[in-house]
Amino acid sequence: MKYRTCVSIGEKNPKKVKSILKKALSKSDYAEIRFDFLKKSDIPFVLENIKKELSKCVCTLRPKAEGG
């Protein structure tokens, strides 16, 4: 059985998400991008900026009750 790994990314600066994502995907199979660390208005920018890597991403927006 082959195991796969997923790295969680919680970045507040939308311009840094892509570079951090590239580093994460160089060492892991998948990445979780935590949108709850960003401002709502920054989410469309980040999605557009990482659209080529989205097939290897899980995007989450956790409510405050769940640690977001």
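Here are some friendly notes on the fold, the helix packing, the salt bridges and the cysteines of this predicted model.

1. **Ground rules.** Because the model is predicted, local features need pLDDT of at least 70 and side-chain atom pairs count only at pLDDT 80 or more, while totals for chains, interfaces and linings use all residues. Residues are numbered from 1 along each chain as its sequence is written, and side-chain values use heavy atoms, with hydrogens and water left out.

2. **The sheet.** Helices (H or I, at least four residues) and strands (E, at least two) are DSSP runs, numbered from the N terminus. Here 3 strands form an open sheet, ordered S1-S2-S3, with parallel pairing; two strands pair if DSSP finds at least two bridges between them. S1 and strand S3 (57-60) stand at the edges with a single partner strand each, so one side of each has no neighbour in the sheet. From one strand to the next the twist averages 20°, where axes are lines fitted to C-alpha atoms (for helices over the stretch in contact) and angles run from 0 to 180 degrees between N-to-C directions.

3. **Where S1 meets S2.** These two strands pair in the parallel sense over 4 bridges. Cys6 stands opposite Tyr30 in S2, and H1 packs on the sheet, touching S1, S2 and S3, with its direction at about 150° to that of S2. Although Tyr30 and Cys6 are 24 residues apart along the chain, their C-alpha atoms are separated by 4.5 Å.

4. **Tyr30 and its surroundings.** Which residues is Tyr30 in contact with, leaving aside its neighbours within four places in sequence? They are Arg4, Thr5, Cys6, Val7, Leu25 and Lys56, contact meaning heavy atoms within 4.5 Å. Tyr30 counts as partly exposed, at 33% relative accessibility; the classes are buried under 20% relative accessible area, exposed over 50%, and partly exposed in between (1.4 Å probe, protein chains only).

5. Val17, Leu21 and Ala24 are buried in H1. Viewed down the axis of H1, its buried residues fall within an arc of 65°, so they line one face of the helix; the arc is that of the directions from the helix axis to the C-beta atoms. An α-helix has 3.6 residues a turn, so residues three or four places apart point the same way. The cover over the buried residues of H1 includes S1, S2, helix H2 (43-49) and S3. On the face turned away from the buried side sit the exposed residues Lys23, Ser26 and Lys27.

6. **Salt bridges.** How many salt bridges does the structure hold? There are 4, counting a side-chain nitrogen of Lys or Arg within 4 Å of a carboxyl oxygen of Asp or Glu. One of them joins Arg4 and Asp29, with the closest N and O atoms 4.0 Å apart. That pair links distant parts of the chain: Arg4 is in the segment before strand S1 (6-9), and Asp29, 25 residues apart from it, is in the loop between helix H1 (17-27) and strand S2 (30-34). Arg4 is exposed, at 53% relative accessible area. Arg34 and Asp36 also meet in a salt bridge (2.6 Å, N to O), and both of these residues are buried. Lys51 pairs with Glu48, the closest N and O atoms being 2.8 Å apart.

7. **Cysteines.** The count comes to 0 disulfides, a disulfide being a pair of cysteine sulfur atoms within 2.5 Å. For Cys6, the nearest cysteine sulfur is that of Cys57, 8.5 Å away; Cys6 is partly exposed at 46% relative accessibility. Cys59 is in no disulfide either, with the sulfur of Cys57 the nearest at 5.7 Å. Cys59 is partly exposed too, with a relative accessible area of 33%.
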